[in-house]
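User: I would like to learn how to read side-chain contacts in a model. Please take me through aromatic pairs, charges over rings and salt bridges.

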Amino acid sequence: MALPIIPAPAALVAYKFYRIVKYKSPDGSLSGYFSLDTFGIFETVESTTDLALASGGAIATAETTNGPYHANYAIDGDASTPWGSTFKAFPTWFQVELPSARVARKFTVSHTQWANEAPGEFGIYGSNDGTTWNMVAYVFGWDSTKSTCIADQIIRGRSLCADGRPCSR
């Protein structure tokens, strides 16, 4: 079943910062915790090179962090080390700063630790200054029993040009 995804006009712009904002839990609640096992950013739908990995120079931050569940855990390449927020009213956010601005055509959101801490309804935003944010995608109705949500060419445009060559934008 395809995810209900709202595409955004700012989807094919290169951004240095990408932010995921949780608006609701899978059960529809408007407050609680937010946690992620991994948050991945990819230049093409076919790519397996995650731009968001800390080992590649990416830096993660979050609006809040709960004890030992540091933001960089969601980009350390190890799904067994989740990031987690403190309990609060939504919206709340997690973001990744890339070493340089990049167009992203695929995002992966992995969450398996605590079911209702998954983002049931969320937006993905991009920024080049960390202050002004543009919506890249909006996802609602995510089934938190699935370990990974991939918002790919449905929201990002084709990753191949009409003649089959890889596109650079």
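Analyst: Note at the outset that this is a predicted model. We can start with Tyr-23, which counts as partly exposed because its relative accessibility is 24%. Tyr-138 has 14% relative accessibility and therefore counts as buried, the cut-off being under 20%.

User: How is a pair of aromatic rings described?

Analyst: A pair of aromatic rings is described by the distance of the centres and the angle of the planes. By the rule used here, the count comes to 9 aromatic pairs. In one of them, Tyr-15 and Tyr-18 are edge-to-face, with 5.8 Å centre to centre and 85° between the planes. Both Tyr-15 and Tyr-18 are buried. Tyr-23 and Tyr-138 make a tilted pair, at 5.5 Å centre to centre and 35° between the planes.

User: Which parts of the chain does the pair of Tyr-23 and Tyr-138 link?

Analyst: Tyr-23 is in strand S2 (residues 15-24) and Tyr-138 in strand S12 (residues 134-140), so this pair links distant parts of the chain, 115 residues apart.

User: Which residues do ring pairs link into a cluster?

Analyst: The cluster consists of Tyr-15, Tyr-18, Phe-34, Phe-39, Trp-83, Phe-94 and Phe-107.

User: Where do charged ends sit over rings?

Analyst: The ring of Trp-93 has the charged end of Arg-19 over it, 3.8 Å from the ring centre. Over the ring of Phe-42 sits the charged end of Lys-106, 4.6 Å from the centre.

User: How many salt bridges does the count come to?

Analyst: The count comes to 4 salt bridges, taking a cut-off of 4 Å between nitrogen and oxygen. One of them joins Lys-16 and Glu-97, whose closest N and O atoms are 3.6 Å apart. Lys-16 is partly exposed at 21% relative accessibility, and Glu-97 is partly exposed at 25%.

User: What do the side chains of Arg-102 and Glu-43 form?

Analyst: They meet in a salt bridge, 2.7 Å from N to O. Arg-102 is in strand S9, while Glu-43 is in the loop between strand S5 (38-42) and strand S6 (59-62), 59 residues apart. The relative accessible area is 30% for Arg-102 and 29% for Glu-43, and each counts as partly exposed.

User: With which residue does Glu-63 form a salt bridge?

Analyst: Glu-63 forms a salt bridge with Lys-88, the closest N and O atoms being 3.6 Å apart. Glu-63 lies in the loop between S6 and strand S7 (83-84), and Lys-88 in strand S8 (residues 88-89), 25 residues apart. Glu-63 is partly exposed, with 34% relative accessible area.

Technical notes:
Residues are numbered from 1 along each chain as its sequence is written. This is a predicted model: local features need pLDDT of at least 70, side-chain atom pairs count only at pLDDT 80 or more; totals for chains, interfaces and linings use all residues. Side-chain values use heavy atoms; hydrogens and water are left out. Rings of Phe, Tyr and Trp (its six-membered ring) pair if their centres lie within 6.5 Å; planes under 30 degrees apart count as stacked, over 60 as edge-to-face and the rest as tilted. Buried means under 20% relative accessible area, exposed over 50%, partly exposed in between (1.4 Å probe, protein chains only). Helices (H or I, at least four residues) and strands (E, at least two) are DSSP runs, numbered from the N terminus. A charge sits over a ring if NZ of Lys or CZ of Arg is within 6 Å of the ring centre and within 35 degrees of the ring normal.
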